[in-house]
Every structure is written in structure tokens, then in C-alpha cells.
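Here are some notes to read alongside the structure. Please keep it open as you go through the points.

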Amino acid sequence: MEEIQKPENQRLGAVSGVIRAEHATGDLCLHEFRSRIFRNTRFLRVWLPPGYDDPANAGRHYPVLYLNDGQNLFEAATSFTGIEWQVDETGDRLIREGVIPPMILVGLDNAGKNRIREYMPHRSLHPMMLRVYGSRYPSFLIKEVMPFLARNYRVASGPENTGLGGSSLGALIALYTVSVCPGVIGRLLLESPSLWASNRQIIRQSREVKRWPQRIFVATGTSEIGRKERDQSVVDDVRELAGVLRRAGVDDKRLRLIIEEGATHHESAWARRFPEALAFLFGR
């Protein structure tokens, strides 16, 4: 089995094989997860809502949001840039304020050096990437990760209780997943999606989709790349995707589009927008 390094500042929990993060807000459990589909090992980071272990909630089942690039979500120490999304703090606050119902937030770690290959569903010439594994990702999520969560946690079933999201290429593969597996995911979060990848093939593919999630949050900044023409192209792609969704019947009650002036392609921007995204996707 491929070795992965245990994150710092974490301790083994009472349940065998589970690592509990010490510096996260709330209860964050890490599982070392072996994928037969990708033939590698990564951590699944499972954040549990306040009151999950209370005896009074023993029969309660919870909605779930799955997010890619799990290393960047909960703790700065594991984040690629040293900046985290603050998913645990945001989830805890919005639940306690009654903005969203108690829910489970799951970070799926990326595969490190194979991140790009796993998150790209189509071959690409720019960048040159002819051996890609992204077409396996929907099966990885639906046939491996989701059943694992259902076996180990009280997860509510149905698309209305199931969300998926990510940023950059993590958003690209989330969009691909809902396009090829309609009816499984009911909440979709796309932050700074890399729609340019593989000569914008995901946009062309999206035009053929007939069934979209009930709520979709799409956001990008106007300074994603740092070059005027490329920045405008990124915004244009996001607006084109929004047009595809609207033509497919996704109205403004179901779609939230954010074009943030001056925002860059960075965890700090995604963290800043995450409260609005979570409230829109799962809000009461």
C-alpha cells in the first residue's frame, strides 16, 4: 500500500484507524483511504457538525458536501499555500446561526503529483497531458467514497442531501461528474473552475446535459491569471457556462453566479466566498 505522511498536530482517535485533528474547529476525523479505482491512498477528512455524537441525535442523518483538494480546506498547516478555506469554522458558525442545517463536510485529499491527471477528464495539448485519469473520478466518488461514508457515518441519502465542489481543476472534475452522472449530486460548488482545460471541452459537453443539480454556485475573480486578456477569457468562460445552465432550465433561484472584482486564483478568495456558497447551496 502506498505510504502517505500523517499530518502534523493530529492524534489517533478512539476509533481504530481514525486520526482526529487537534487544531480544527469541531470534530475533524481523518481516514487513510485506499482507492482500488485510482490504485493509491489518500486521506478523507470528515468534519462532523455540532451535536453529532449527542445521544438525542443518534437516529439523525445528515446532508453531506464533498470537496476536492481536502488538504486546503481545514488547516493551514496542510494547505498547499498555507491558507485554508476555513471550512470547519464556516460550517460551525452557519450551523449555530441556523443558516444551514447540521451537515457533514468531507475533504477528499488530492493525489499530490497525480493531482492534475486525476482532475482532468479529457486529454489536453495545452498543457500537454495525454494520460489522464479524470474519467475514473465519478466512479471513485460514487462507488468508493460515498459508500465508505454511508458505512461509517449517518449520511442522509438522495441528491437533495448530497453536494460536490472544488476549485480550479477540482471544480472542473466536479462539473464533469455531474455531467456524466446526473441525479446523484443535488448541490454543486464551482470555484474558479478551469473551464479552459482541454480546449474548453467541458463547456461543449455541458451543452448536452439535460439534468442539472437543484442548486449551483459558480464564482470566479476578474484577476484569476494576472494578465488582462487571460483574465477576461476566464470570466467569459464562466459566463458562457452560466448561459448553458440557464438555457437548460436552471433559473436564478437555482443558480448563483459571482464575478468578484479583483479576486485572484487563490485559497483566500475561495475561503472568502465559501460562507455565501454554503448558505446558498444548503441554506434553509
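1. Is Phe38 buried or exposed? Before the answer, please bear in mind that this is a predicted model. Phe38 is buried, because its relative accessible area is 7%, and buried stands for values under 20%.

2. The structure holds 9 aromatic pairs. In the one made by Phe38 and Phe140, the ring centres are 5.1 Å apart and the planes meet at 55°, so this pair is tilted. The two residues come from distant parts of the chain: Phe38 sits in the loop between strand E3 (27-35) and strand E4 (40-48), while Phe140 belongs to helix H3 (residues 137-152), 102 residues apart. Phe140 has a relative accessibility of 0%, so this residue counts as buried.

3. Next, have a look at Tyr119 and Tyr137. Their rings form an edge-to-face pair, with 6.4 Å from centre to centre and 80° between the planes. Here too, distant parts of the chain are linked: Tyr119 is in helix H2 (residues 115-119) and Tyr137 in helix H3, 18 residues apart. Both tyrosines, Tyr119 and Tyr137, are buried.

4. Which residues make up the aromatic cluster? Phe33, Phe38, Tyr119, Tyr137, Phe140 and Phe148 form one cluster.

5. Arg154 lies over the face of Tyr52, 4.1 Å from the ring centre. Arg187 takes up such a place over the face of Phe282, at 5.9 Å from the centre of that ring.

6. Now to the charged pairs. Side chains of opposite charge can pair when their charged atoms come close. A search of the whole structure gives 14 salt bridges. One of them joins the side chains of Arg45 and Asp109, at 2.6 Å from N to O. Arg45 is in strand E4 and Asp109 in the loop between strand E6 (104-108) and H2, so this bridge ties together parts that lie 64 residues apart in sequence. Arg45 counts as buried because its relative accessibility is 3%, and Asp109 counts as buried because its value is 4%.

7. Where does Arg273 find its partner? Arg273 forms a salt bridge with Glu191, and their closest N and O atoms are 2.6 Å apart. Since Arg273 lies in helix H7 (residues 267-282) and Glu191 in strand E10 (residues 187-191), the pair ties together parts 82 residues apart in sequence. Arg273 and Glu191 are both buried.

8. Another salt bridge brings together the side chains of Asp237 and Arg200, at 2.9 Å from N to O. The pair links helix H6 (residues 228-247), which holds Asp237, to helix H5 (residues 197-206), which holds Arg200, 37 residues apart. Asp237 is buried at 7% relative accessibility, whereas Arg200 is partly exposed at 25%. Elsewhere, salt bridges with shared partners join Glu191, Glu260, Arg272 and Arg273 into one network.

9. Last, a stop at the surface. Leu125, Met128 and Leu130 form a nonpolar patch there, with about 320 Å² of accessible area together. Leu125 belongs to strand E7 (residues 124-125) and is exposed, with a relative accessible area of 56%.

Key. Residues are numbered from 1 along each chain as its sequence is written. This is a predicted model: local features need pLDDT of at least 70, side-chain atom pairs count only at pLDDT 80 or more; totals for chains, interfaces and linings use all residues. Side-chain values use heavy atoms; hydrogens and water are left out. Patches are made of residues with over 30% relative accessible area and no salt bridge: like charges are joined within 9 Å, nonpolar side chains (Val, Leu, Ile, Met, Phe, Trp, Tyr) within 5 Å. Accessible areas come from the Shrake-Rupley method with a 1.4 Å probe; for residues, only the protein chains shown count as cover. A salt bridge is a side-chain nitrogen of Lys or Arg within 4 Å of a carboxyl oxygen of Asp or Glu. Helices (H or I, at least four residues) and strands (E, at least two) are DSSP runs, numbered from the N terminus. Buried means under 20% relative accessible area, exposed over 50%, partly exposed in between (1.4 Å probe, protein chains only). Rings of Phe, Tyr and Trp (its six-membered ring) pair if their centres lie within 6.5 Å; planes under 30 degrees apart count as stacked, over 60 as edge-to-face and the rest as tilted. A charge sits over a ring if NZ of Lys or CZ of Arg is within 6 Å of the ring centre and within 35 degrees of the ring normal.
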